[in-house]
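Please look at the model below with the contact between its chains in mind. The paragraphs that follow go through that contact step by step.

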There are 2 protein chains.
Amino acid sequence: MVDENRKNERHQARMQRIKEKVDARINQAQEERGIVIVITGNGKGKSTSGFGTVARAVGHGLSASVIQFIKGTWACGERNLLEQNGCQFHVMATGFTWETQNREADIAAAQKVWQEAKRLLADPKTDLILLDELTYMVNYDYIDLDEVIDAIINRPINQHVVITGRGAHRTLLEIADTVSEVQSVKHAFEAGIKAQKGVDW
Amino acid sequence: MVDENRKNERHQARMQRIKEKVDARINQAQEERGIVIVITGNGKGKSTSGFGTVARAVGHGLSASVIQFIKGTWACGERNLLEQNGCQFHVMATGFTWETQNREADIAAAQKVWQEAKRLLADPKTDLILLDELTYMVNYDYIDLDEVIDAIINRPINQHVVITGRGAHRTLLEIADTVSEVQSVKHAFEAGIKAQKGVDW
């Protein structure tokens, strides 16, 4: 019992120290403006994290749009849900680039959705834009990096942008406010488990 | 023009090689069953990735539930959206543990939602469960690790479980099928930007 009491006291002291630190940081962080979030790395969960952020924004009644580059042509659960709840989707819809194997057609398809992205990145009524798998488009030279950077840094002050995909170009990391790298520790696929509805698509 | 043609040919050959590799892996991966996904690490995007997976499942008409441990007491956008679309939430709702500073009350609150989690982990009608920030509960000894492991490994065969939070216990990593570690490269908060509606909560 004495031990339990001591444990509880130590817990309270430790939590009080954490609270002071957290409160101090919250007081310092006073700026509100649109931010750029980049979620990169080779692990599972980059696009799902982007879609989680879109769900969060839509749930608050914000106006959100999704631009999907290199997307498989199958139906996606998140699209069903988010479109029903007012989120706009613009999807490249050519399928993976190793399925099409046609560079010129891929470039044309990428450019077509990129024009939609540019329009939204100039629209102050759009609160949040997810540029899903944009990194590949830049790395493959399907979309010009400078054009992407210009559109992002000149966007409306309160607009948030989320960019996902492996190997984000270092200039994208530089202009980002928040960067997370998702690393794969292991993946069910490697153990012979199929991609499954509801978790993988 | 010759250069462009060569580029396009090289692209096609490269993509053909990738397609063969991807197709071979898809053919090998034939098993379908519920999987355990752990999203850990210190970076932003773990919970949002969990909620993205829930949005995906809900969008496919699957039955999904969310158990939230150590949750701030503010309203969350994703909860609004997902609850409206049939997802059940069970929230510890005591706020962060450094706010309550009361270990016994925290344990009681954690145990209460853990009972809901156990019930769902035994329910074959539940297709997917998000155990948001469960890792802390195990690390703080608020919930017994063995009890968590037992509930997860004895769950219905087709049920998916997603676990988020920093410092996932190695036994959780061992029983997981997919593990991603989200590392923080930088965070807007460190640059003095406030937590904002629609991206942070």
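How many residue pairs are in polar contact between chain A and chain B, counting those with both residues at pLDDT 80 or more? In this predicted model, the count is 40 residue pairs. Salt bridges between chain A and chain B number four, and one that can be located in the view is formed by Glu32(B) with Lys194(A), where the closest N and O atoms lie 3.7 Å apart.

As for the elements on the side of chain A that touches chain B, those giving two or more residues are helix 1 (2–28), helix 2 (46–59), helix 3 (77–84), helix 4 (97–100), helix 5 (103–120), helix 8 (170–175) and strand 6 (178–186). Helix 1 of chain A provides the largest share of that side, with 14 residues. By residue class, the side of chain A that touches chain B divides into 30 nonpolar, 30 polar and 23 charged residues.

Turning to the extent of the contact, 83 residues from chain A and 83 residues from chain B take part, and the area buried between the two chains is about 7400 Å², with carbon and sulfur atoms giving 56% of it. In chain A, the residues that lose the most area to chain B are Arg56(A), Gln101(A) and Arg103(A), which together account for 11% of what that side buries.

Strands also meet across the two chains: strand 6 of chain A pairs with strand 6 of chain B (residues 178–186) in the antiparallel sense, over seven bridges.

Terms used. Residues are numbered from 1 along each chain as its sequence is written. Chains are lettered from A and ligands numbered from 1 in the order in which they are written. This is a predicted model: local features need pLDDT of at least 70, side-chain atom pairs count only at pLDDT 80 or more; totals for chains, interfaces and linings use all residues. Side-chain values use heavy atoms; hydrogens and water are left out. Contact means heavy atoms within 4.5 Å. Buried area is the accessible area (1.4 Å probe) that two parts lose on being put together, summed over both. A salt bridge is a side-chain nitrogen of Lys or Arg within 4 Å of a carboxyl oxygen of Asp or Glu. A polar contact is a pair of N or O atoms within 3.5 Å; within protein, one must be able to donate a hydrogen and the other to accept it, and residues adjacent in sequence count only if both atoms are side-chain atoms. Helices (H or I, at least four residues) and strands (E, at least two) are DSSP runs, numbered from the N terminus. Ala, Val, Leu, Ile, Met, Phe, Trp, Tyr, Cys and Pro count as nonpolar, Asp, Glu, Lys and Arg as charged, and the others, Gly among them, as polar. Two strands pair if DSSP finds at least two bridges between them.
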